[in-house]
Amino acid sequence: MAFRSLGEFLAELEKRGDLVRIRSKVHRDLELTEITRRTLAQDGPALLFESVDGATMPVAMNVLGSRRRVALGLGADTLEEAAARIGKLSKLRPPAGVVAALKDLSGTLDLLDTVRSLGPKRVTSAPCQDVATDSIQLDTLPILRCWPHDGGRTITFPVVVTKDPETGEPHTGVYRLQQYGPDTLGFHAQLHRVGASNYRKWAARGERMPVAAVIGIDPATVLSGLAPVPEGISNWVFASFVRSEPLELVRCQTVDLEVPANAEIVLEGYVDPAERRLEGPFGDHTGYYSAPEEFPVFHVTHMTTRRNPVYFTTVTGKPPTEDSVLGKAVERLFLPVVRLVLPEIVDMNLPAEGLFINVGIISIRKSYPEHPRKVMHALWGLGQLMFTRYLIVVDADVDVHDLGEVLYRVGLQADPANDFEMARGPVDQLSISNPIPNIGGKVGIDATKKGPSDGFPRPWPEEIRMDPEVVARIDALANADPVLGRLFAERPGK
Ligand SMILES: Cc1cc2nc3c(=O)[nH]c(=O)nc-3n(C[C@H](O)[C@H](O)[C@H](O)COP(=O)(O)O)c2cc1C
């Protein structure tokens with residue numbers, strides 16, 4: 001089932017008992033954070049705050065704060081099902097674009113039909129433009145102050161639309177927008193983001209960059225803003241593909257951009273290349289406050305909304321958070337894409353505690369000397385995986401999600417004198433331990449078993465395993481002897 005709007009999704013969640021309406025009066029400064037934080041920690045439902053102090057609209061939070069809701073939001077029963085769909089789209093990524101792929105892949109009719117129908121659909125009238133105003137008072141929106149020492153109230157979950165001035169290619173990214181005044185916001189697209197690259201291109205031309213920020217839209221479109229969609233695939237096509245239905249787009253009323261027709265709220269305006277302002281501090285994904293730093297300023301000149309909009313937002317912080325749930329979902333969804341480039345990869349775990357940028361555990365089918373190092377360097381060159389500071393490579397039979405097993409393999413099978421690959425390169429702008437911002441070290445750890453094909457001179461010892469015949473005999477005995485049966489049922493693990 002595809003959802004066209006946030007409202008449709010919330011209605012479905014409510015039908016399934018996975019949304020709770022909060023009618024008590026709560027304040028948008030800090031209180032929504034505390035309620036949402038506690039709810040998410042218990043894998044609780046989506047929340048719709050109906051009585052936020054001073055707000056004229058309800059506030060939806062924790063909407064994508066569980067795997068089951070993310071899968072449902074993508075029109076799938078499981079994330080694996082959605083991942084399989086994304087894997088197919090990636091196969092269609094040719095250098096010359098989707099049209100060429102249509103010709104090349106004329107055998108795969110099913111897929112072609114789907115892709116043919118995926119050009120976003122243009123509409124001329126849209127619910128997100130039911131109400132419009134040029135007199136911007138951002139205080140009419142229930143913008144949250146998330147953490148006590150935040151530099152200001154912040155729109156935390158907007159899908160920000162920009163475009164490349166050279167190609168005209170639109171792009172969406174989720175970048176927070178800190179409120180400065182009645183009509184100005186900080187444009188927090190970090191250094192390595194496409195939104196920041198677009199900004200630099202507009203700035204090089206000495207022109208203002210048109211910007212639209214979408215607050216509240218269907219889950220697939222939100223995901224297309226926060227996920228590392230491979231270059232060459234439009235975020236709009238990606239959103240359509242993930243939910244198997246074309247996204248409806250409408251032209252903005254005052255800027256030359258398009259936005260999803262079924263959005264709740266759209267802010268239109270511009271970023272002036274000549275203007276930068278301190279943004280932050282902000283309670284960030286790291287669990288620390290990001291220090292104030294200069295970012296461009298987004299001037300909001302026009303706002304359109306639905307007649308009864310819902311304000312969609314989230315709270316970042318130390319995991320678990322909604323964005324850490326989403327990060328895990330992105331890991332599952334994009335594994336097939338990573339495997340297209342590196343088919344030797346069996347599985348990947350980017351633990352939430354590693355913030356998805358600090359620690360990566362990769363299992364591979366190793367087939368030649370230095371193969372793990374080849375994988376490390378390939379991953380350090382692949383999209384946002386370039387940020388990974390600690391990359392641990394294990395053999396195909398190691399469960400990368402079993403952190404005890406991974407530590408066992410690292411401690412025992414990786415020799416720091418020989419199996420550590422030290423590198424240096426770009427690190428995420430939010431990283432705090434590198435003395436120079438955006439530049440830092442990386443370590444790859446080869447925790448695979450070694451053998452003659454690795455140039456390893458000693459014989460690798462034999463791993464202890466029970467004789468399978470004995471295992472089968474004891475299984476049979478446990479079936480016959482209730483005492484043994486109960487013993488094993490209570491303490492599983494052979
Ligand atoms: C809730 C949430 C808030 C985010 N806030 C920011 C932000 O303020 N700045 C930023 O650069 N990235 C932020 N991100 C990460 C980007 O959305 C993400 O890296 C995305 O892939 C955009 O990258 P791109 O613009 O290079 O395509 C946020 C992600 C989430 C889930």
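Predicted model: local features only at pLDDT ≥ 70, side-chain atom pairs only at ≥ 80, totals over all residues.
The chain contains 14 helices and 23 strands, and its C-alpha trace spans about 75 × 55 × 55 Å along the principal axes. For 494 residues a compact globule would have a radius of gyration near 23 Å, and the chain, with 25 Å, agrees with that. Buried residues account for 42% of the 494 residues, and among the contacts with a separation of 6 or more, 67% link residues 24 or more positions apart.

Let me turn to the sheet. Five strands make up an open sheet with mixed pairing, in the order β19-β20-β21-β23-β22. Because β19, residues 345–349, and β22, residues 420–426, each have a single partner strand, they stand at the edges, and one side of each is left without a neighbour in the sheet. On average, neighbouring strands here are turned by 20° against each other, if direction is ignored. At one end of that order, β22 runs antiparallel to β23, residues 439–446, and seven bridges join the two; within this pair, Glu421 stands opposite Gly444 of β23. Across β20, β21 and β23 lies helix α12, residues 403–413, which runs at about 90° to β21.

Finally, which residues come nearest to the ligand? Of the 19 around it, they are Gly173, Val174, Arg176, Gln190 and Arg193. The shell comprises nine nonpolar, seven polar and three charged residues, and β8, α7 and α10 each supply at least two of its residues.

Definitions and conventions
Residues numbered from 1 in each chain as written. Pairing = 2+ DSSP bridges. Helix = DSSP H or I, 4+ residues; strand = E, 2+ residues; numbered from the N terminus. Axes fitted to C-alpha atoms, helices over the stretch in contact; angles between N-to-C directions. Contact = placed C-beta atoms within 7 Å. Near = placed C-beta within 6 Å. Nonpolar A, V, L, I, M, F, W, Y, C, P; charged D, E, K, R; others polar. Rg over C-alpha atoms; globule rule 2.2 N^0.38 Å. Buried ≥ 20, exposed ≤ 12 C-beta atoms within 10 Å, placed from the backbone.
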